[in-house]
Amino acid sequence: MTGGPRGSRALYAILGDPVAHSLSPAIHNAAFSAAGRRARYVARRVSADECGELMRALAMGGGGGNVTVPHKERVVPFLDRRTRAVAATGACNTFWAQGGEVWGDNTDVEGFMGIWQSAVSPPADTSPVLVLGAGGAARAVLHALLHSAGASVILMWNRTASRAHRLLDELDDERLRHVHDWRATAPAVVVNTTSVGIRGRHAPIDLEALATPPHLVMDLVYGKSATPLCRQAGRLGIASVDGRGMLVLQAEASHARWFGQAPPRGVMGRALEAASRGLG
Ligand SMILES: NC(=O)c1ccc[n+]([C@@H]2O[C@H](COP(=O)([O-])OP(=O)(O)OC[C@H]3O[C@@H](n4cnc5c(N)ncnc54)[C@H](OP(=O)(O)O)[C@@H]3O)[C@@H](O)[C@H]2O)c1
């Protein structure tokens, strides 16, 4: 599916704000190189007004890319074709062109599901799950929890309650409940889909302030070292995973959408480890 003028390298990009912390260029470029593809992948900090048109230009130019915080919902109207995951979540993280049309998918859904399956071994008690956030990533996580993980009770908290209510109305599922105060909850699993922790300083909640501590914390955020939420979990003896595993799984799925083939096995994971060590 890549094209571009003869001899040039197809351009792929991650579009978001902030993107300076992103490890996506490192892992995608490693996969391009290992697979012998004439392509390169860059990070582009873009405003809400620019992201849709830039996404289309990249795709129609023979490349593609990913969309990240905070634009995953905003780019959806700019797509010509939406996969089922985009239609169901209202969020897009992967785009490319095919047959003269711009396609969008949401590989965060399978990325999260892969991590959930490796972190939760049945018959572990996972109810209720407390999901923090109501943005693009929350949409993918909630879709996976409701339709693949079979979660029976999901509590949802967001800083802006009106955004959580809008999402709740859209999803219209009786297993999903909004909570005004996360402190009053006793979750078995906490999933952080907010961007809090991205700069390595603050955690989105204080795990000790929950009514009872969870068994497991899953943080979609990642960094050079453990995220603030995973550090808290560690201090309290709670098992935790950060966003690096999901990053690799969703990236492998994006690569497969762009080229119709999975990247060489293990390349992205190894590139992630090397790039994590080099993060400032
Ligand atoms: N590891 C992975 O593969 C992976 C995949 C997807 C996403 N992510 C990460 O998930 C995070 C969210 O991405 P997104 O696309 O969902 O972004 P988004 O659509 O912009 O949503 C951001 C979310 O974070 C909340 N938030 C932001 N600042 C906050 C603060 N100071 N206090 C409390 N809540 C705050 C927002 O709440 P409001 O509604 O109140 O603004 C919203 O719920 C990012 O860090 C992203 O890197 C990781």
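# Exercises on a predicted model

V141 touches F112, V131, V191, T193 and L220, leaving aside residues up to four places away in sequence; contact means heavy atoms within 4.5 Å. This is a predicted model, in which local features need pLDDT of at least 70, side-chain atom pairs count only at pLDDT 80 or more, and totals for chains, interfaces and linings use all residues. Residues are numbered from 1 along each chain as its sequence is written, and side-chain values use heavy atoms, with hydrogens and water left out.

## Exercise 1

Solution. 
- Start with the helix. V141 belongs to α5, residues 136-147. Helices (H or I, at least four residues) and strands (E, at least two) are DSSP runs, numbered from the N terminus.
- Next, the surface. V141 is buried, at a relative accessible area of 0%. Buried means under 20%, exposed over 50%, partly exposed in between, with a 1.4 Å probe and protein chains only.
- V141 and V191 are 50 residues apart in sequence, yet their C-alpha atoms are 8.5 Å apart in space.

## Exercise 2

Solution. 
- Read off the order. Six strands run β2-β1-β3-β5-β6-β4, with mixed pairing.
- Look at the ends. β2 (39-45) and β4 (81-82) are at the edges with a single partner strand each, so one side of each has no neighbour in the sheet. Two strands pair if DSSP finds at least two bridges between them.
- β1 (residues 10-16) and β3 pair in the parallel sense over four bridges. I14 has N66 in β3 as its bridge partner.
- Go on to β5. β3 (residues 64-67) and β5 are antiparallel, with three bridges.
- Finish with β6 (residues 101-105). Five bridges join β6 to β5, again antiparallel.

## Exercise 3

Solution. 
- On the β6 side, W96 faces W103.
- Now the strand itself. Four of the five residues of β5 (94-98) are buried.
- Last, the turn. β5 and β6 make a hairpin with two residues between them, and G99 there has a positive phi of about 55°.

## Exercise 4

Solution. 
- α1 (residues 24-34) lies across β1, β2 and β3. Its angle to β2 is about 170°. Axes are lines fitted to C-alpha atoms, for helices over the stretch in contact, and angles run from 0 to 180 degrees between N-to-C directions.
- In α2 (residues 48-60), the buried residues are C51, G52, M55, L58 and A59.
- These pack against β1, β3, β5 and β6.
- G62 follows α2, with a positive phi near 100°.
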